[in-house]
Structures are given as C-alpha cells and as structure tokens.
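Subject: Handing over the protein and DNA model

Hello,

Please have a look at it first and then read on.

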Amino acid sequence: MKTAHMENTFARIWRLVESIPSGRVATYGQIAALLGMPRAARTVGWALHSLPADRSTPWHRVVGAGGRIRLPNHGGKAVQRLLLRREGVPVNRKGHIDLDRFQWIPQEPV
DNA sequence: AAGGTGACCAAGG
DNA sequence: TCCTTGGCCACCT
C-alpha cells in the first residue's frame, strides 16, 4: 500500500548520500545498489542534479564508475574537484580519483 | 498513459 | 585512452 511513510526515491538517495563521510567518495552505481536498485545509476545522477538548494547534501562525494568525475566541464566539474581536494581527496588533472584508497565502504548496513 | 530525458555503466572499436 | 552504442530506471509532461 502507498502510505505516508513511503519516501520517494530521490529523498532516499539524498539521505544516503548525506551519510558519506568527508574524505570518502561513492559511485552513482554504488548508491543505487545500496538502495536495492542496482541498475538505477542514472536515477542517482538525476536525483543529485535536482537537489533542492536548501538541502546540504554532499553531492560532490558521488562520482562515476572507476572514480571519474562525470559532471560536464561547465556544469560544476571544477567545483567538485575543489570540494573533494579541500577535504583531502586527491583528484588528478583528468578528474580521476583512486577508489582503492578513497571509496566509501559502509561498515554498518544502510 | 506513453514517450522524453539524464551529474550512469559496461563493452567494443 | 577516447568515443560510440545499447541498455537502464525513475521522474516529468
């Protein structure tokens, strides 16, 4: 049944992203998988794109598969790189992040 | 109610 | 490594 406690997908995505600690990153596909939608990576990207301005969600901690920044060059790519570096995550000139060292691995079930 | 759209992804050339 | 292609899924018209 559809009831008030059912939260829409975007809200679930935002909330999960908000649990990624500073200094770590997750991939779009990983977020989707953690929410039980292993093939909904595009939906995660869309959810972050349409993030409400008044919500402080660390959208910059979500990157593409393999640790690549997927934002368009003029769509905040430089901002994401800056925010990540500011919290200690190295991003090389090509926008690559080393997932082996910086990927968020939740210790407790989400 | 059916089709368009993305801050995706994996595989292939 | 870079680009293209086909598949995907939830939200919006």
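This is a predicted model: local features need pLDDT of at least 70, side-chain atom pairs count only at pLDDT 80 or more; totals for chains, interfaces and linings use all residues.

One definition before the tour: helices (H or I, at least four residues) and strands (E, at least two) are DSSP runs, numbered from the N terminus. A residue counts as near a molecule or strand if one of its heavy atoms lies within 4 Å of it.

Residues are numbered from 1 along each chain as its sequence is written, chains are lettered from A and ligands numbered from 1 in the order in which they are written, and side-chain values use heavy atoms, with hydrogens and water left out.

DNA strand C

Helix H1 (9-17) and helix H3 (41-49) each supply at least two residues of the surface near DNA strand C. H3 gives the most, with 3 residues. Of the atoms of DNA strand C that come within 4 Å of the protein, 59% are sugar and phosphate.

Several polar contacts (pairs of N or O atoms within 3.5 Å; within protein, one must be able to donate a hydrogen and the other to accept it, and residues adjacent in sequence count only if both atoms are side-chain atoms) are found here. Thr9 uses a backbone N or O atom, 3.3 Å from a phosphate oxygen of DNA strand C. With a polar side-chain atom, Thr43 lies 3.3 Å from a sugar or linking oxygen of DNA strand C. For Arg42, a polar side-chain atom is 2.8 Å from a base oxygen of DNA strand C.

DNA strand B

DNA strand B is surrounded by 13 residues, and the closest are Arg42, His49, Trp59, Ala65 and Arg70. Helix H2 (28-34) and H3 each supply at least two residues of this surface, and H3 gives the most, with 5 residues. Sugar or phosphate accounts for 40% of the atoms of DNA strand B within 4 Å of the protein, and the rest belong to bases. A polar backbone atom of Gly29 is 3.2 Å from a phosphate oxygen of DNA strand B, and a polar side-chain atom of His49 lies 3.0 Å from a phosphate oxygen of DNA strand B.

Which residues of H4 are buried? They are Lys77, Gln80, Leu83 and Leu84, where buried means under 20% relative accessible area, exposed over 50% and partly exposed in between (1.4 Å probe, protein chains only). Seen down the axis of H4, these residues fall within an arc of 140° (taken from the directions from the helix axis to the C-beta atoms), so they line one face of the helix. The face turned away from that side carries the exposed residues Asn73, His74 and Arg86. The buried residues of H4 pack against strand E2 (62-63), contact being heavy atoms within 4.5 Å.

Ile69 is found in the loop between E2 and H4. Ile69 is buried, with a relative accessible area of 9%. Not counting residues up to four places away in sequence, Ile69 touches Lys77, Gln80, Arg81, Val91, Gly95 and Ile97.
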